[in-house]
Structures are given as structure tokens and as C-alpha cells.
Amino acid sequence: YGTMFIRVPNKHRLNMLQHFIDTIKQSKGPRQEAVQVNIFTAVLTALKTLAETKQSSAIDDENVKKSACTLVMQTLSHPNPILRCAAGEALGRLTQVVGDGRFVADIAQICFDRLKEFRDVPSRTGYSLALGCLHRYVGGMSTGQYLNLSVSILLALAQDQSASMVQVWALHALALIADCGGQMFRSYVEPSLALILHLLLTIPTSQSGVFQCCGRLVGAL
């Protein structure tokens, strides 16, 4: 599928994406999750292939972009963490291959709004990862204008000791941003180190995921 997708015209891309969306709606329960895992495997392979072949404006059709966004966005709050990971990765890859500043701005704003609006763990973890992947795949210079708000939100989420899973995903997203931010991330090094020190001193030793992600963030810094 990943090889075929990049070689067909937009009308066929749109048909396939819409078919995926309809198939997910029609399936229920465990079967739906299995269908979604297979669908995201296919879509991620296609987006990765588009990025690696460096096709400029690889997805330039508005309807294709809209369908791809619908498919991905509706999965960022999925109860299954594997599907949330796949959706976050797919969103980052999608913004990379679209290569449109306005599209990136729209996606970033949606993530900011959802993180401020939603309080449930699946949504907060999914959209945190989406921000990290957005910066990772679009690149530091192209996402510089969103860096301050992204880091501020993730630093706040990483301090939410009422939900350790949110802390884990926020710290992981921060590590992704720090890793690709280069010199642009320099002004956020001190707040990040202060956060890590605070967490190491206050988090119970049973929350190993938080400790591991603190280590990843230190490595990125």
C-alpha cells in the first residue's frame, strides 16, 4: 500500500482514505481496533514513503488533506495507546509531506486548543505526542513560531502528578522537541532541567515510566 499510494492520482487516494474512514465506522469492538491498527500501518507506510522520496507538495489536494486529517484526528484520543502513538506519528508525517505553512499552523492550533479543552488522559496524551511529532517532522525552523507555546503546555502537563501517564507522554514529547530544536531550544533548557529535578525528587519510585522519560529528556538536552 505504501508503494502504491504515492503512484496513484489524488482521486484514488481520496477514495482509499474515505474507504478507511467508513470501514472504521462500520466495525465495532475488538475488530474495530484490529482494523485501525492495519489501516494505520498502511497509512504510516505511505506517508513515510512520500517523505523519504522527497516529493514536493506530495499531498496538495484539499479533499485528500481533509480526509487524512479526519482519519488521524479521530484516533488521537483513542483508548488504545498503540493507536494514539500511530495517530501522533501519522499527524507529524502528514504535516511533513503536505509542506504548507498554513496547514501546519492549523494543525498546531487544533492541538493547542484540544490540550486546553480536554481533561481526559487519552486526549491529553495523544495531543501531547502530536505536538512532539509535529516539531520532529516539520523541523525546528518551520515550527519555531509555535515552540514557546508547545513547550509551555508540555512543561505544565509534565507536572500534573494526578496523571502519571500524561506526565510520561508530555516528557516524551518534550524530548522529541528538544532533540530537533537545536539552538532554538536553548532558552528552554533551564526550565526543562528544573522540571526534571523536581520530578526526580517528588515522584514515587514506582512510577518508572516518568523516570525513564526524564532520562530521555536529559539525553535530548
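**Ground rules.** I am working on a predicted model, where local features need pLDDT of at least 70, side-chain atom pairs count only at pLDDT 80 or more, and totals for chains, interfaces and linings use all residues. Residues are numbered from 1 along each chain as its sequence is written, and side-chain values use heavy atoms, with hydrogens and water left out.

**Overall fold.** I looked up the secondary structure and found 11 helices and 0 strands. Helices (H or I, at least four residues) and strands (E, at least two) are DSSP runs, numbered from the N terminus. I then took the radius of gyration, computed over C-alpha atoms, and the globule rule, 2.2 Å times the number of residues to the power 0.38. The chain gives 18 Å, close to the 17 Å from the rule for 221 residues, so it is as compact as a globular protein of that length. Its C-alpha atoms fill a box of roughly 55 × 40 × 30 Å along the principal axes. I find 49% of the 221 residues buried. Buried means under 20% relative accessible area, exposed over 50%, partly exposed in between (1.4 Å probe, protein chains only). Of the contacts (heavy atoms within 4.5 Å) with a separation of 6 or more, 71% join residues 24 or more positions apart.

**Helix H10.** I checked residues 189–202, which make up H10. This helix has 14 residues and reaches 20 Å from first C-alpha to last, close to the 20 Å expected at 1.5 Å a residue; the expected span is 1.5 Å times one less than the number of residues. Ser-192, Leu-195, Ile-196 and Leu-199 are buried. Seen down the axis, the buried residues of H10 fall within an arc of 100° (directions from the helix axis to the C-beta atoms), so they line one face. They pack against H8 (147–158), H9 (164–181) and H11 (208–220). On the other side, Glu-190, Leu-197 and Leu-201 are exposed.

**Thr-125.** I located Thr-125 in helix H7 (residues 121–138). Thr-125 is buried, at 0% relative accessibility. Its side chain reaches the backbone oxygen of Val-121 at 2.9 Å, a polar contact (a pair of N or O atoms within 3.5 Å; within protein, one must be able to donate a hydrogen and the other to accept it, and residues adjacent in sequence count only if both atoms are side-chain atoms). Beyond neighbours within four places in sequence, Thr-125 contacts Arg-84, Met-165, Val-166 and Trp-169.

**Cysteines.** I counted 0 disulfides, taking a pair of cysteine sulfur atoms within 2.5 Å as the cut-off. For Cys-85, the nearest cysteine sulfur is that of Cys-133, 8.3 Å away. Cys-85 is partly exposed, at 39%.
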